[in-house]
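Please examine the sequence and the model shown below. The paragraphs that follow lead through one chain and then through the place where two chains meet.

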Amino acid sequence: MGIVTAISLWFIPVLIAVILLYGTYKQVPTYESFVEGGKEGIKIAVSIIPFLVGMLVAISVFRASGALEYFMSFLKPVLEAIGVPPEIAPLAIIRPISGTAALGMTSDLMAQHGPDSYIGRLAATLQGSTDTTFYVLTVYFGAVGIKKMGDALKVGLLADLVGIIAAIVVVTIVFGY
Amino acid sequence: MVNIIWVCLTLIGIAFAMVNGTMPEVNEAIFNGAKEAVTLCIGLISILVFWLGMMRIAEDAGLLKKLSNLFRPIVTRLFPEIPHNHPAMGYILSNMMANMFGLGNAATPLGIKAMEEMKKINGGKNEASRSMITFLAINTSSITLIPTTVIAIRMNYNSASPTDIVGPTLIATICSSIGAILIDRFYYYRRSRKG
């Protein structure tokens with residue numbers, strides 16, 4: 001599994017080097033472009049604050065009250081039988097529905113279990129490898145006025161399921177349980 | 001949908017606190033949850049600014065365009081209904097590249113443009129065509145090269161190696177994209193057999 005770790009380590013610096021070299025070669029005003037693009041990053045980070053505050057408060061209340069533990073005790077045997085850590089279940093359910101809600105859950109899982117724990121890494125991989133199916137469908141079909149979605153929702157959700165299974169398998173192989 | 005989940009989480013939590021006597025913990029959770037969210041977003045700023053800045057250079061240098069030309073032969077095969085030089089193909093490719101580089105904001109308008117063109121190909125009907133379903137399947141499982149926000153969150157929680165999930169994420173996302181394409185094909189053949 002050394003290769004996967006090496007890719008993780010090398011990928012970002014190499015990509016940055018390629019972008020900078022190519023930008024210079026094409027005579028792009030690199031630094032100015034960088035600053036322009038970076039401004040957008042601030043806008044995005046600030047605009048997600050209300051989404052995260054709402055979701056993290058709800059999750060914190062749910063967990064602190066003991067409700068989370070209570071529901072988990074029911075889910076645990078079922079999920080463990082098919083190899084899914086029960087802590088991940090709420091994230092897997094909410095990931096296709098709301099990206100920001102999932103982001104809140106991912107960070108909550110990392111705060112609870114630590115970013116380098118099995119659960120923390122699995123949550124990170126899950127968050128990174130699937131997308132918000134409902135959002136994508138609503139935005140794209142809504143924008144061009146498509147009323148009959150056909151098989152799109154089914155296909156999207158099944159693909160999410162494949163992504164979740166893949167994330168569990170890959171993280172278990174690469175990092176061990 | 002999100003509205004219901006959100007309200008349920010909070011209300012069930014409060015109801016549980018009433019029965020379980022965990023009111024002090026819930027009170028604390030309300031303020032700590034909000035505080036944590038804001039801290040998290042501030043932590044996100046650093047990496048978002050850096051990455052979107054880098055991506056702007058790639059875009060201005062035409063790197064995204066170049067990559068989409070590289071992928072064109074594969075992608076045209078996925079959309080047999082779309083003529084090779086149709087503008088829809090250009091939009092689909094640029095949307096996929098933007099998604100790959102984590103430029104969600106740039107990807108969405110391109111995706112909508114692609115959908116408009118595909119609707120034209122489909123005679124302006126208000127039902128989803130085969131290409132649209134394929135396009136959305138690929139989009140919902142989009143391949144991400146660098147999961148920027150996830151790395152930022154890991155940094156926030158003092159991970160020893162915040163980027164060590166890049167490789168696994170890449171593998172998982174490729175699996176889900178291949179899965180999406182296969183599932184899409186499966187449903188297409190099932191539809192066409194039914195006539």
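This is a predicted model: local features need pLDDT of at least 70, side-chain atom pairs count only at pLDDT 80 or more; totals for chains, interfaces and linings use all residues.

How many residue pairs are in polar contact between chain B and chain A, both at pLDDT 80 or more? The count is 19 residue pairs.

Chain A contains 9 helices and 0 strands. Read from the N terminus on, its elements follow the order α-α-α-α-α-α-α-α-α. Taken along the principal axes, a box of roughly 60 × 50 × 35 Å is filled by the C-alpha atoms of chain A.

We now turn to the interface. On the side of chain B, 98 residues are in contact with 89 residues of chain A. The size of an interface is often given as the accessible area lost when the parts come together. For chain B and chain A, the buried area is about 8000 Å², and 78% of it lies on carbon and sulfur atoms. Three residues, B:Leu9, B:Ile57 and B:Thr140, supply 8% of the area that chain B buries against chain A, which is more than any other three residues.

In a salt bridge between the two chains, the side chain of B:Glu127 meets that of A:Lys148, at 4.0 Å from N to O.

Which elements of chain B give two or more residues to the side that touches chain A? They are α1 (2–20), α2 (23–60), α3 (63–78), α5 (104–121), α6 (130–140), α7 (148–156) and α8 (166–194) of chain B. Of these, α2(B) gives the most, with 25 residues. By residue type, the side of chain B that touches chain A comprises 57 nonpolar, 27 polar and 14 charged residues.

One pair of helices shows how the chains pack in detail. Helix α1 (residues 2–25) of chain A packs with α8(B) at an angle of about 105°, and the two axes are 7 Å apart. Because angles from 65 to 115 degrees count as roughly perpendicular, α1(A) is roughly perpendicular to α8(B). From α1(A), the contact is made by A:Val4, A:Ser8, A:Phe11 and A:Ile12; from α8(B), it is made by B:Val166, B:Gly167, B:Pro168 and B:Ile171. The residues of this contact of α1(A) with α8(B) divide into 6 nonpolar and 2 polar, with no charged residue.

Conventions: Residues are numbered from 1 along each chain as its sequence is written. Chains are lettered from A and ligands numbered from 1 in the order in which they are written. Side-chain values use heavy atoms; hydrogens and water are left out. Contact means heavy atoms within 4.5 Å. Buried area is the accessible area (1.4 Å probe) that two parts lose on being put together, summed over both. A polar contact is a pair of N or O atoms within 3.5 Å; within protein, one must be able to donate a hydrogen and the other to accept it, and residues adjacent in sequence count only if both atoms are side-chain atoms. Helices (H or I, at least four residues) and strands (E, at least two) are DSSP runs, numbered from the N terminus. Ala, Val, Leu, Ile, Met, Phe, Trp, Tyr, Cys and Pro count as nonpolar, Asp, Glu, Lys and Arg as charged, and the others, Gly among them, as polar. Axes are lines fitted to C-alpha atoms, for helices over the stretch in contact, and angles run from 0 to 180 degrees between N-to-C directions. Angles under 35 degrees count as roughly parallel, over 145 as roughly antiparallel, 65 to 115 as roughly perpendicular and the rest as oblique.
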